[in-house]
Amino acid sequence: MKDSGSPTLEQVAALAGVSRATVSRVVNGSPKVLPDTVAAVERAIGQLGYVPNRAARALVTRRTDSVAIVVPEPDSRVFSDPFFAGILRGVSHTLAPTSSQLVLLIEPAEGDDQRLLRYLRGGHVDGAIIVSHHGRDNVLQELAQLPLPIVFSARPLGVDVPVASVDVDNVEGARKAVEYLVSIGRSRIGTIAGPLDMTAGQDRLTGYQEAAKAAGMTEAVAFGDFTPDGGEQAALRLFDEFPDLDGLFVANDLMATTALRVLSQRGKRVPEDVAVVGFDDSVMATTTTPKLTTVRQPIEKLGARMAELLLAKIAGADLTGPEVYPTELIIRDSA
């Protein structure tokens with residue numbers, strides 16, 4: 001009678017002409033198997049449709065074949081901000097050829113950072129990528145000290161241990177945006193800054209401040225939270241306090257889109273009355289009216305690189321320190 005059950009390790013070994021132990025070594029990725037033997041076992045696995053027992057494999061390798069991407073933001077923002085979609089695409093493309101599955105962890109319940117830490121300590125994933133982190137409480141320090149391979153999307157604020165991180169030069173990008181506004185004749189330039197508990201918020205404000213000081217301008221700042229609503233409220237406050245602004249640098253494209261709407265409502269023409277520059281070069285930069293001049297950061301490339309570093313750390317590489325990529329000013333109709 002034909003066996004109708006799932007193919008076994010023994011059947012793979014018999015078809016490949018090797019021992020059960022050899023098949024087990026191939027399945028578990030051991031480097032101590034000759035290439036011809038690996039090829040024979042893989043052919044047998046393909047012919048039989050053998051699927052390794054992941055639970056048993058995990059006991060041998062101490063691997064889960066899962067990695068987490070942790071986004072400490074509300075789900076409403078994660079699924080509406082093009083930045084996160086770009087990061088996820090980059091990470092997914094890098095993981096696709098591997099056996100690693102992606103686990104998405106969004107902001108835990110208020111005050112429940114310990115649940116996240118327990119999960120990451122619990123052996124559920126082989127490593128984690130931390131994106132859009134805020135320097136609140138001590139959770140970043142605790143994350144950085146976990147006995148788990150971790151890569152951050154930017155240097156984590158308030159962390160005093162070496163970590164691996166990937167980011168763009170936000171200071172340089174913001175400075176470039178303001179210098180461009182100066183170069184086209186704008187003499188009163190304000191900014192809608194991001195939150196100061198985030199690296200991008202701090203660094204983009206620093207870039208604005210450096211360029212404004214170099215141009216001999218008085219600072220004009222309102223703070224948002226990188227969301228459309230935050231950008232709208234910040235724009236209203238900024239132009240209430242500084243109605244004579246003729247240039248505006250906004251710390252991300254989402255806030256810039258609502259700043260454009262506020263300017264339109266107030267009868268300000270863009271770019272004739274107020275020239276506007278955003279940051280990200282997200283998909284929405286080409287859907288605004290007028291189309292948005294913005295600072296491009298290679299979002300998918302950043303996600304892909306974070307995944308590459310994480311896989312290397314999982315494999316045993318000792319990687320720390322920041323990787324910082326340049327930005328590019330993309331000139332369109334708003335400035």
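## Packing of helices H6 and H13

Helix axes are here lines fitted to C-alpha atoms over the stretch in contact, and the angle between two of them runs from 0 to 180 degrees between N-to-C directions. In this predicted model, helix H6 (residues 82-95) packs against helix H13 (residues 299-314) at an angle of about 45°, and their axes are 7 Å apart. H6 and H13 are therefore oblique to each other. Their crossing is right-handed.

On the H6 side, the contact is made by Phe83, Gly86, Ile87, Arg89, Gly90, Val91, His93, Thr94 and Leu95. H13 contributes Ile299, Glu300, Leu302, Gly303, Ala304, Met306, Ala307, Glu308 and Leu311.

## Packing of helices H9 and H10

Helix H9 (residues 170-183) packs with helix H10 (residues 199-214) at an angle of about 40°, with 7 Å between their axes. This angle makes H9 oblique to H10. H9 passes H10 in a right-handed crossing.

From H9, the residues that take part are Asn170, Val171, Ala174, Arg175, Val178 and Glu179. They meet Ala200, Asp203, Arg204, Thr206, Gly207, Tyr208, Glu210, Ala211 and Ala212 of H10. The contact of H9 with H10 divides into 7 nonpolar, 3 polar and 5 charged residues.

## Nonpolar cores

In soluble globular proteins, nonpolar side chains tend to be buried together. The largest nonpolar core of this model has 45 residues. Within this core, the residues with the most contacts are Ile192, Leu238, Leu248, Val276 and Val277. At least two core residues are supplied by each of H9, strand E6 (189-193), H10, helix H11 (228-241), strand E8 (247-250), helix H12 (253-265) and strand E9 (275-280). H12 provides the largest share, 6 residues.

Leaving aside neighbours within four places in sequence, Leu248 is in contact with Leu181, Ile189, Gly190, Thr191, Ile192, Leu238, Phe239, Ala259, Val274, Ala275, Val276 and Val277. Apart from this core lies another, of 23 residues, which includes Val91, Val131, Val166 and Val168.

## Met255 in helix H12

Met255 is found in helix H12. Met255 has a relative accessible area of 0% and is buried, since burial requires under 20%. When neighbours within four places in sequence are left aside, the contacts of Met255 are Ile192, Ala193, Gly194, Gly224, Asp225, Phe226, Thr227, Gly230, Gly231 and Val250.

## Asp197 in the loop between E6 and H10

Asp197 is placed in the loop between E6 and H10. With a relative accessible area of 30%, Asp197 is partly exposed. Residues up to four places away in sequence not being counted, Asp197 touches His133, His134, Gly135 and Leu157. Asp197 and Leu157 are 40 residues apart along the chain, and their C-alpha atoms are separated by 7.6 Å.

## Backbone geometry in loops

Two cis peptide bonds may be noted, one joining Val270 and Pro271 and one joining Thr289 and Pro290. For the bond between Val270 and Pro271, omega is about 10°; Pro271 lies in the loop between H12 and E9. For the bond between Thr289 and Pro290, omega is about -5°. Pro290 is found in the loop between E9 and strand E10 (293-296).

Positive phi values occur at Ser132 and at Asp281, each a residue other than glycine. Phi of Ser132 is near 60°, and Ser132 is located in the loop between strand E3 (127-130) and helix H8 (139-144). Ser132 is buried, its relative accessible area being 7%. Phi of Asp281 is near 55°, and Asp281 is located in the loop between E9 and E10. Asp281 is likewise buried, with a relative accessible area of 17%.

Note on methods
Residues are numbered from 1 along each chain as its sequence is written. This is a predicted model: local features need pLDDT of at least 70, side-chain atom pairs count only at pLDDT 80 or more; totals for chains, interfaces and linings use all residues. Side-chain values use heavy atoms; hydrogens and water are left out. Helices (H or I, at least four residues) and strands (E, at least two) are DSSP runs, numbered from the N terminus. Angles under 35 degrees count as roughly parallel, over 145 as roughly antiparallel, 65 to 115 as roughly perpendicular and the rest as oblique. A crossing is left-handed if the near helix is turned anticlockwise from the far one by less than a right angle, and right-handed if clockwise. Contact means heavy atoms within 4.5 Å. Ala, Val, Leu, Ile, Met, Phe, Trp, Tyr, Cys and Pro count as nonpolar, Asp, Glu, Lys and Arg as charged, and the others, Gly among them, as polar. A nonpolar core is a set of buried Ala, Val, Leu, Ile, Met, Phe, Trp, Tyr and Cys residues joined through side-chain atoms within 4.5 Å. Buried means under 20% relative accessible area, exposed over 50%, partly exposed in between (1.4 Å probe, protein chains only).
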